[in-house]
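Please look over the sequence and the coordinates first.

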Amino acid sequence: MKKRVDITKSVMERIVRFEERRSKRWLTIFWGIAILVTIFLGGSLLQAYIILSERRTWDLLEIFYQDREIITEFWQDTLLMFWAELPQNTLLWGSGFALFLVGYWIFTRHQRQIMKRRLAELAKRKNSSNNS
Amino acid sequence: METLSDEALVREVKAGNVAAFEDLVRRYQGKLHSFVTYVVRDHDSAWDVVQESFISLYKTIDRIDSSKKFSSYLFSITRNHAISYLRNRTPHASLNEIASLPSSELPESLVEQNEEGKKIEKAIDTIDIKYKKVISLYYFEDLSYEEIGKCLHLPVNTIRTHLRRAKKALRRVLIDI
């Protein structure tokens, strides 16, 4: 009688190994980019904060702790002055990084869902093969 | 899952359902094996080719055009693998192996082959160096066209041309010897 061969198991074992490597690589690159851009964003914001502290720009905002009449009279001038004091180049970079992060998060949403499903399946397969 | 169409299963795999691929393997392994056995004429090697084809399919599944029939795509991948298998199979006797065997242990026919081999080696020494490299890698090292191409940083078609010219040159030299 002809021997019946089934290569499903061996194919799937290789697929699982390949998929594990591929998913890990994708996640490493994904998180690497996300963390790097977050660091740049944090750096820009920190730099902006330091510049504002050095210029003592924050002190301008103390007007809002004053009496209501003073606030009513000077709030517009104060805000205009505060705006003029902002380190715009640094904040522009920061906004760029923030926009990139948001876009990156939105554009990779579908792929992240696929990865999540794949990884859950791989874990399930691993568990069932360990149990058996 | 068994009742889903091929295209639906492919969509499932693309969406991250690895188990759907298992159904595709179960569904097509027998058909592909029959097809490959017909091409490579070897039952066991056919299973290897089928397995490699499935792995390739999985790796490229995201690029599958869902408007085209899945089975045609799968069969074309498998046919390419079967052709590469036939191309990479090593039907040549390694002249180095023959040359290294003590002639007392060789049957008469092999001794003759050994002498032939020495003649061929001598002839190889006389041909152009670029052809010599290709012919040595192909016949002595048993490398495939692709592997030689990678080794020498040349396209596969150039390797093929070099090998053809090398054989022509060798033929001329051997006639003279």
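## Chain composition

The model is predicted. Chain A has four helices and zero strands, so that its pattern along the sequence reads α-α-α-α. Of the 132 residues in chain A, 6% are buried. When contacts in chain A between residues at least 6 apart in sequence are taken, 78% of them join residues at least 24 apart.

Chain B is likewise built from helices, with nine helices and zero strands. Its order along the sequence is α-α-α-α-α-α-α-α-α. Buried residues account for 20% of the 177 residues of chain B. For contacts in chain B between residues at least 6 apart in sequence, the share that joins residues at least 24 apart is 56%.

## The interface between chains A and B

Contacts between the chains involve 16 residues of chain B and 14 residues of chain A. On the chain B side, helix 2 (18-40) and helix 3 (43-59) are the elements that give two or more residues. Helix 2 of chain B gives the most, with seven residues. By class, the chain B side that touches chain A consists of 10 nonpolar, four polar and two charged residues.

Helix 1 (residues 8-54) of chain A and helix 3 of chain B have axes that come within 10 Å and cross at roughly 35°. The crossing of these two helices is right-handed. Helix 1 of chain A contributes A:S10, A:V11, A:R14 and A:I15 to this contact, and helix 3 of chain B contributes B:Q51, B:F54, B:I55 and B:Y58. Sorted by class, the contact has five nonpolar, two polar and one charged residues.

## Nonpolar cores

Which residues touch the most other members of the largest nonpolar core? In this core of 22 residues, they are A:I15, B:F21, B:V25, B:V36, B:V50 and B:F54. The elements giving two or more residues to the core are helix 1 of chain A and, from chain B, helix 1 (6-14), helix 2, helix 3 and helix 4 (70-88). Helix 2 of chain B supplies the largest share, seven residues. A separate core has 11 residues, among them B:Y131, B:I135, B:Y139 and B:I159. In soluble globular proteins, nonpolar side chains tend to be buried together.

## Helix 1 of chain B

The buried residues of helix 1 of chain B include B:L9, B:V10 and B:V13. These residues lie on the same side of helix 1 of chain B because they cover an arc of only 100° around the axis. Helix 2 and helix 4 of chain B are among the elements that cover the buried residues of this helix. After helix 1 of chain B comes B:G16, with a positive phi near 105°.

Helix 1 and helix 2 of chain B have axes that come within 7 Å and cross at roughly 145°. Their crossing is left-handed.

Most residues other than glycine have a negative phi. A:R56 has a positive phi, near 60°, and is not a glycine. A:R56 sits in the loop between helix 1 and helix 2 (68-85) of chain A. Is A:R56 buried or exposed? A:R56 counts as exposed because 9 other C-beta atoms lie within 10 Å, and the limit for exposed is 12 or fewer.

In chain B, B:R41 is also not a glycine and has a positive phi of about 60°. B:R41 is in the loop between helix 2 and helix 3 of chain B. B:R41 is exposed, since 10 C-beta neighbours lie inside 10 Å.

Technical notes: Residues are numbered from 1 along each chain as its sequence is written. Chains are lettered from A and ligands numbered from 1 in the order in which they are written. This is a predicted model: local features need pLDDT of at least 70, side-chain atom pairs count only at pLDDT 80 or more; totals for chains, interfaces and linings use all residues. Two residues are in contact if their C-beta atoms, placed from the backbone, lie within 7 Å. Ala, Val, Leu, Ile, Met, Phe, Trp, Tyr, Cys and Pro count as nonpolar, Asp, Glu, Lys and Arg as charged, and the others, Gly among them, as polar. Axes are lines fitted to C-alpha atoms, for helices over the stretch in contact, and angles run from 0 to 180 degrees between N-to-C directions. A crossing is left-handed if the near helix is turned anticlockwise from the far one by less than a right angle, and right-handed if clockwise. A nonpolar core is a set of buried Ala, Val, Leu, Ile, Met, Phe, Trp, Tyr and Cys residues joined through C-beta atoms within 7 Å. The arc is that of the directions from the helix axis to the C-beta atoms.
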